[in-house]
Amino acid sequence: MNPIQNADLHCHSTVSDGTLTPEALAERARAHGVELWALTDHDEIGGQHRALAAAKACGMGFLTGTEISITYIGKTVHIVGLGVDPDDATLIAGLRRTRGGRDLRAMEMSDGLAKIGIHGAYEGALKYAGNPELISRTHFARFLVESGACRDTTEVFRKYLTEGKPGFVEHRWATLKDAVQWINGAGGMAVIAHPARYKFTPNEEFALFTEFKAHGGKGVEVITGSHSVPEYSVYADTAREFGLAASRGSDFHSPDESHTELGTLPFLPANLTPIWDLLASRIQ
Ligand code: AMP
Ligand code: MN
Ligand code: MN
Ligand code: MN
């Protein structure tokens, strides 16, 4: 059998901040030639049984997944967990705790926006949340586009929802150690998501990768919709330097908002170990 190349191991459904259902995503991934797919909703594994059934119905390989929000030296970092048991009690409890506080944070974000004259943002964002436990900045962004405050969600993040802006609220997520241990305890493998997005200094990034390895982390996203072409090479080198396997994923959220379509990024560079080779026994 040919080795798998078109693996897309990062995307979001209505169970978190995507606009498509797990079923619609599976069909869309398959239509774009994806051979191996994972649904990685933020801080949730509630869509995994549906996603598996949909992947099987269209003859596509499947790995379970989630994307856990953590706080590392004061910044939010995302850790993808692949091949986890979606019924693992410790993982389920950890993710539930991680989701906790999102509602309160959303109310505070709404208060911040009200101070600059944007009213009703909490209620507005909630309308877009397919999962009331997972109200995210993306749902606020959709509301602010709908209400005419901004042209697109990118503009909303730039003007209102990032550090120092009126709708931004500091939040403490899970720890790196907890997230990696929940994933490993559930039989999966942890992967650092889109590392170029964090804008760490070289020393901070070295510390993140070193601690991640020490806690039992296994991989890093090299080819992701969040990386530029030069960043593919930078993180291919980082993967080799740290002895981490490499992952590939579009981070697709919506046909209207996402720049990167499912299954269309370049394949992994040579000389890297695909994380899905290490997870062969977890592929369904
Ligand atoms: P939250 O977990 O509520 O902090 O929301 C994080 C989500 O917001 C990310 O997973 C992305 O989907 C989205 N996001 C973050 N930054 C941006 C940005 N600059 N432009 C568009 N979407 C963004
Ligand atoms: Mn998202
Ligand atoms: Mn992310
Ligand atoms: Mn994501």
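Guide: Start with contact, which means heavy atoms within 4.5 Å. The model is a predicted one.

Visitor: Which residues does Ala-29 touch, leaving aside those up to four places away in sequence?
Guide: Ala-29 touches Val-34, Trp-37, Met-60 and Leu-262. Ala-29 itself belongs to helix α1, residues 22-31.

Visitor: Why is Ala-29 called buried?
Guide: Buried means under 20% relative accessible area. Ala-29 has 0% relative accessibility, so Ala-29 counts as buried.

Visitor: How far apart are Ala-29 and Gly-263 in sequence and in space?
Guide: They are 234 residues apart in sequence, and their C-alpha atoms are 6.3 Å apart in space.

Visitor: What makes a residue a donor of the manganese ion (ligand 4), and which residues coordinate that ion?
Guide: For this metal, a donor is an N, O or S atom within 2.8 Å. His-10 (NE2), His-12 (NE2), Glu-67 (OE) and Asp-251 (OD) coordinate the manganese ion (ligand 4) at 2.1 to 2.3 Å, so they meet that cut-off. Along the sequence these donor residues are spaced H-x1-H-x54-E-x183-D.

Visitor: Are His-10 and His-12 buried or exposed?
Guide: The cut-off for buried is under 20%. His-10 has a relative accessible area of 0%, so His-10 is buried. His-12 is at 0% relative accessibility and therefore counts as buried.

Visitor: Which protein donors does the manganese ion (ligand 3) have?
Guide: Its protein donors are Glu-67 (OE), His-78 (ND1) and His-194 (NE2), lying 2.1 to 2.2 Å from the ion. His-78 is in strand β5 (residues 75-82) and His-194 is in the loop between β6 (189-192) and α9 (202-214), so the pair ties together parts 116 residues apart in sequence.

Visitor: How do you know whether His-78 is buried or exposed?
Guide: His-78 has 12% relative accessibility, and because the limit for buried is under 20%, His-78 counts as buried. At 1% relative accessibility, His-194 counts as buried.

Visitor: What polar contacts does ligand 1 have with Asp-17, Arg-137 and Thr-138?
Guide: A polar contact is a pair of N or O atoms within 3.5 Å. A polar side-chain atom of Asp-17 is 3.1 Å from an oxygen atom of ligand 1. For Arg-137, a backbone N or O atom lies 2.8 Å from an oxygen atom of the ligand. For Thr-138, a side-chain N or O atom is 3.3 Å from an oxygen atom of ligand 1. Taken alone, ligand 1 exposes 510 Å², and the protein buries 78% of that.

Notes. Residues numbered from 1 in each chain as written. Chains lettered and ligands numbered in written order. Predicted model: local features only at pLDDT ≥ 70, side-chain atom pairs only at ≥ 80, totals over all residues. Heavy atoms only, no water. Helix = DSSP H or I, 4+ residues; strand = E, 2+ residues; numbered from the N terminus. Buried < 20%, exposed > 50% of the residue type's maximum accessible area, 1.4 Å probe, protein only. Donors = N, O, S within 2.8 Å, 3.2 Å for Na, K, Ca; no water. Polar contact = N/O pair within 3.5 Å; in protein donor to acceptor, adjacent residues only side chain to side chain. Areas by Shrake-Rupley, 256 points an atom, 1.4 Å probe, with all protein chains shown as cover.
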